[in-house]
Amino acid sequence: MLLGAIEAGGTKFVLGVGTPAGEIIAKTTLKTENPAVLLPKIESFFADYELAAVGVGSFGPLDLNPNSKSYGFITNTPKLAWQNFDLLGSLKSSLDVPIFLTTDVNASCLGEKTFGAFQDYTSLVYFTIGTGVGAGGIQGGQFIQGLSHPEMGHMLLRQHPADLYAGNCPFHQNCLEGLASGPAIMARAGRASHLLAEADQTWEFVSDYLAQAAFNVSLILSPEVIIFGGGVMKQPQLLPKIRQKLMLLNQNYLSLPNLDDYLQTDSLADLQGLLGCIALAQQQLSPTKMANR
Ligand code: ZN
């Protein structure tokens with residue numbers, strides 16, 4: 001059996017074909033052009049394969065409420081061509097197979113849980129710190145889902161007293177994404193995260209915000225592990241700083257596991273999203289499927 005995967009990002013779409021065991025047999029990357037240009041390219045990539053189902057992990061916000069009229073739509077993204085776009089419906093009409101949709105970060109979380117280093121966990125949160133900041137969660141084996149999917153990337157934080165950067169979230173200015181995303185680092189420090197010195201003060205700020213995020217998530221969701229992925233996390237000095245600051249914030253209030261085990265980086269070498277889409281397609285097809293709305 002072959003399964004399709006679509007990792008739909010704001011700058012690129014990664015498409016893949018894989019087996020239920022997580023072996024990727026074909027993969028391509030497309031620029032996120034307007035849907036009218038992109039959709040035929042997606043259709044043509046998958047045309048060579050007989051797929052049992054396709055899993056999609058998309059940028060958002062998404063409407064994931066199955067009772068809503070706009071179920072499967074990308075809603076209020078700043079990317080105009082994709083605003084209020086019926087992603088699920090459009091894919092369903094161009095690919096004639098069952099298609100299952102979740103957020104990009106939920107897909108990464110599921111990829112780590114299914115194929116990565118986190119298979120023994122039933123409650124986990126996956127953060128991506130990159131062009132945007134977002135987090136997906138699985139609790140009791142299911143995606144966390146209420147009115148819609150969580151939007152942990154926009155949680156409000158206490159700003160570091162020495163950080164004078166106003167934040168760049170178009171909705172909330174100095175929310176987590178507005179302070180700690182790749183573009184926020186670039187705007188504050190004048191250079192991209194991978195070009196910043198290890199001792200740059202920016203890392204004090206970013207690690208402070210990510211530690212606050214980890215603390216808040218620990219208080220609210222009590223996960224067994226928090227995974228940090230995305231381009232900004234490729235700086236090896238960052239995770240130890242987050243652990244240190246989480247310890248100070250917690251003040252031994254929550255009984256957390258050893259922080260080296262509790263806060264970890266992703267384990268699938270940037271394939272967690274694609275593999276998560278494969279896992280989503282597979283689980284939704286199988287009788288013991290994981291709930292996905
Ligand atoms: Zn925000």
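This is a predicted model: local features need pLDDT of at least 70, side-chain atom pairs count only at pLDDT 80 or more; totals for chains, interfaces and linings use all residues.
Biologist: Which residues hold the zinc ion?

Modeller: The zinc ion is coordinated by H154 through ND1, C169 through SG, H172 through ND1 and C175 through SG, at 2.1 to 2.4 Å. Donors are N, O and S atoms within 2.8 Å of the metal, so these atoms count.

Biologist: What makes the arrangement around the zinc ion tetrahedral?

Modeller: The four donor atoms subtend angles of 102 to 123 degrees at the zinc ion. Four donors count as tetrahedral if all angles lie between 85 and 135 degrees. The angles here fall inside that range, so the arrangement is tetrahedral.

Biologist: How are the donor residues spaced in sequence?

Modeller: The spacing is H-x14-C-x2-H-x2-C. H154 and H172 both lie in the loop between β10 (142–143) and α4 (176–180), so the pair ties together parts that are 18 residues apart in sequence.

Biologist: Why is α5 called roughly antiparallel to α6?

Modeller: The axes of α5 (residues 182–189) and α6 (residues 201–221) cross at roughly 150 degrees and come within 11 Å. Angles over 145 degrees count as roughly antiparallel, so α5 is given that name relative to α6. The crossing of α5 past α6 is right-handed.

Biologist: Which residues make that contact?

Modeller: From α5 come I185, R188 and A189, and from α6 come T202, W203, F205, V206 and Y209. By class, the contact of α5 with α6 has six nonpolar, one polar and one charged residues.

Biologist: Which residues of α6 and α7 touch?

Modeller: Among them are W203, V206, L210 and F215 of α6, with L238, I242, L246 and L249 of α7. The classes in the contact of α6 with α7 are ten nonpolar, three polar and four charged residues.

Biologist: What makes α3 roughly perpendicular to α9?

Modeller: α3 (residues 104–115) and α9 (residues 272–285) pack at an angle of about 80 degrees, with their axes 7 Å apart. That angle lies in the range from 65 to 115 degrees, so α3 is roughly perpendicular to α9. Their contact includes A107, L110 and G111 of α3 and G276, L280 and Q283 of α9. By class, it has seven nonpolar, seven polar and one charged residues.

Biologist: Where is P61, and what kind of peptide bond joins G60 and P61?

Modeller: P61 is in the loop between β4 (53–58) and β5 (73–74). The bond joining G60 and P61 is cis, with omega about 5 degrees.

Biologist: What is the phi of Q173, and where does Q173 lie?

Modeller: Q173 is not a glycine, yet its phi is positive, at about 60 degrees. Q173 lies in the loop between β10 and α4.

Technical notes. Residues are numbered from 1 along each chain as its sequence is written. Side-chain values use heavy atoms; hydrogens and water are left out. Axes are lines fitted to C-alpha atoms, for helices over the stretch in contact, and angles run from 0 to 180 degrees between N-to-C directions. Helices (H or I, at least four residues) and strands (E, at least two) are DSSP runs, numbered from the N terminus. Angles under 35 degrees count as roughly parallel, over 145 as roughly antiparallel, 65 to 115 as roughly perpendicular and the rest as oblique. A crossing is left-handed if the near helix is turned anticlockwise from the far one by less than a right angle, and right-handed if clockwise. Contact means heavy atoms within 4.5 Å. Ala, Val, Leu, Ile, Met, Phe, Trp, Tyr, Cys and Pro count as nonpolar, Asp, Glu, Lys and Arg as charged, and the others, Gly among them, as polar. Donors are N, O and S atoms within 2.8 Å of the metal (3.2 Å for Na, K and Ca); water is not among the atoms, so sites may look incomplete. Four donors count as tetrahedral if all angles lie between 85 and 135 degrees; four count as square planar and six as octahedral if opposite donors are over 155 degrees apart and all others between 65 and 115; anything else is irregular.
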